[in-house]
Protein chains: 2
Amino acid sequence: MGERPGLSKGELEVARIVWDLKSATVRQVHERFPAERGVDFATVQTYLRRLETKGYLKGRMEGRTRIYSPRVQPRTVIRETINDLVDRLFGGEALPLVRHLIEDRGISAEDLTTLKELIDRLEGERRND
Amino acid sequence: MGERPGLSKGELEVARIVWDLKSATVRQVHERFPAERGVDFATVQTYLRRLETKGYLKGRMEGRTRIYSPRVQPRTVIRETINDLVDRLFGGEALPLVRHLIEDRGISAEDLTTLKELIDRLEGERRND
DNA sequence: TTGATCGGCGTACGGGTGTACGTCATTATT
DNA sequence: AATAATGACGTACACCCGTACGCCGATCAA
């Protein structure tokens with residue numbers, strides 16, 4: 001399907017904000033942007049424009065304001081991004097990455113519990129195949 | 001500490017090969033490169049040169065062949081890369097990424113078992129803090 | 001009404017990135 | 001000896017990316 005051009009890190013970040021908001025103007029995205037980074041309004045505008053050009057967002061005019069919304073499912077983009085990362089950084093194996101995340105990142109006790117439940121559920125599902 | 005310039009995806013991929021081999025020539029890296037991508041020897045050479053310039057690899061001459069080896073620990077680079085990804089794509093939360101990996105990627109039954117052990121061990125360690 | 005603000009749109013520009021060619025010297029092959 | 005392969009190194013070049021300025025028209029505030 002859609003062989004869109006890939007997204008850069010910055011573009012990805014902007015896209016995520018739009019996904020979160022479901023639909024957003026330049027200003028809204030700009031406001032949600034990590035303030036300490038002090039990025040210009042016009043910069044965000046350029047990001048959004050490019051995301052539309054690349055086919056990841058669609059934009060429509062409402063009055064004299066442009067509203068951007070997702071054209072590609074976040075899940076899809078995330079999957080592609082992670083796949084790429086896993087391929088390049090771990091030769092295609094997901095487990096090392098999971099291991100790294102669990103060991104090296106702050107995963108809270110509750111999260112660990114959640115995780116175990118998740119795994120149990122998955123194992124259950126598989127037994128029923 | 002070392003505020004090295006960041007690595008691109010391609011550079012990361014090449015670096016990983018060197019980490020795996022511990023130490024490698026251009027040709028060795030080129031051979032390990034996913035063949036279907038058909039990338040040129042000279043391209044790999046450029047990658048390695050840049051990785052050295054950026055401070056991620058060190059190179060020494062052995063005879064008339066250059067040998068590259070890591071100058072920065074893989075673990076460090078991986079951590080930085082993942083942190084960046086998690087920040088931009090999941091607003092800094094690691095769990096959603098783990099969830100995605102477990103649900104959306106092929107994780108085998110054995111892997112799931114391994115994972116559970118890992119979690120149990122971690123929980124054990126934490127109780128003893 | 002007139003200045004300030006908002007927002008779209010076109011444009012820019014330096015540095016990064018992917019990809020590679022060409023040159024020159026050193027081996028290896030025939 | 002003549003030729004092919006190897007490898008370092010310099011150079012190139014188009015496209016991408018981060019970052020933004022400037023102009024213009026619409027709208028808001030005084």
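Chain A has a radius of gyration of 18 Å, whereas a compact globule of 129 residues would have one near 14 Å. The radius is taken over C-alpha atoms, and the globule rule is 2.2 Å times the number of residues to the power 0.38. Along its principal axes, the C-alpha trace of chain A spans about 55 × 35 × 25 Å.

This is a predicted model: local features need pLDDT of at least 70, side-chain atom pairs count only at pLDDT 80 or more, and totals for chains, interfaces and linings use all residues. Residues are numbered from 1 along each chain as its sequence is written, while chains are lettered from A and ligands numbered from 1 in the order in which they are written.

**Fold of chain A**

- Chain A holds six helices and two strands. Helices (H or I, at least four residues) and strands (E, at least two) are DSSP runs, numbered from the N terminus.
- From the N terminus on, the order in chain A is α-α-α-β-β-α-α-α.
- Buried residues make up 22% of the 129 residues of chain A. A residue is buried if 20 or more other C-beta atoms lie within 10 Å of its own, exposed if 12 or fewer, and partly exposed in between, with C-beta atoms placed from the backbone.
- Take the contacts in chain A between residues at least 6 apart in sequence: 43% of them join residues at least 24 apart. Two residues are in contact if their C-beta atoms, placed from the backbone, lie within 7 Å.

**Nonpolar cores**

- The largest nonpolar core has 20 residues. Such a core is a set of buried Ala, Val, Leu, Ile, Met, Phe, Trp, Tyr and Cys residues joined through C-beta atoms within 7 Å.
- The residues with the most contacts inside this core are A:V14, A:A15, A:V18, A:V29, A:L48, A:L51 and A:Y56.
- Helix 1, helix 2, helix 3 and helix 4 (74-90) of chain A each give two or more residues to this core. Helix 1 of chain A gives the most, with five residues.
- A second, separate core has 18 residues, including B:V14, B:L51, B:L57 and B:I78.
- Beyond its neighbours within four places in sequence, A:V18 is in contact with A:A24, A:V29, A:L57, A:Y68, A:S69 and A:P70.

**B:V44**

- B:V44 sits in helix 3 of chain B. B:V44 counts as buried because it has 21 C-beta neighbours inside 10 Å.
- Leaving aside neighbours within four places in sequence, the contacts of B:V44 are B:V14, B:V26, B:V29, B:H30, B:F33 and B:V39.
- B:V44 and B:E11 are 33 residues apart in sequence, with 9.2 Å between them in space, C-alpha to C-alpha.

**Contact between chains A and B**

- Chain B and chain A bring 33 residues each to the contact.
- On the chain B side, helix 1 (9-21), helix 4 (74-90), helix 5 (94-104) and helix 6 (109-127) each supply at least two residues. Helix 6 of chain B gives the most, with 10 residues.
- The side of chain B that touches chain A has 18 nonpolar, two polar and 13 charged residues. Ala, Val, Leu, Ile, Met, Phe, Trp, Tyr, Cys and Pro count as nonpolar, Asp, Glu, Lys and Arg as charged, and the others, Gly among them, as polar.

**Helix 5 of chain A**

- In helix 5 (residues 94-104) of chain A, the buried residues are A:A94, A:L95, A:L97 and A:V98. They lie on the same side of the helix because they cover an arc of only 165 degrees around the axis. The arc is that of the directions from the helix axis to the C-beta atoms.

**DNA surfaces**

- DNA strand D is surrounded by 23 residues, and the closest are A:S8, A:G10, A:D40, A:A42 and B:R66. A residue is near a strand if its C-beta atom, placed from the backbone, lies within 6 Å of it.
- Helix 3 of chain A supplies the largest share of the surface near DNA strand D, four residues.
- DNA strand C also has 23 residues around it, the closest being A:R66, B:S8, B:G10, B:D40 and B:A42.
- Helix 3 of chain B gives the most to the surface near DNA strand C, with four residues.
- The surface near DNA strand C divides into six nonpolar, 10 polar and seven charged residues.

**Positive phi**

- A:K22 has phi near 70 degrees, a positive value in a residue other than glycine. A:K22 lies in the loop between helix 1 and helix 2 of chain A.
- A:K22 is exposed, with 8 other C-beta atoms within 10 Å.
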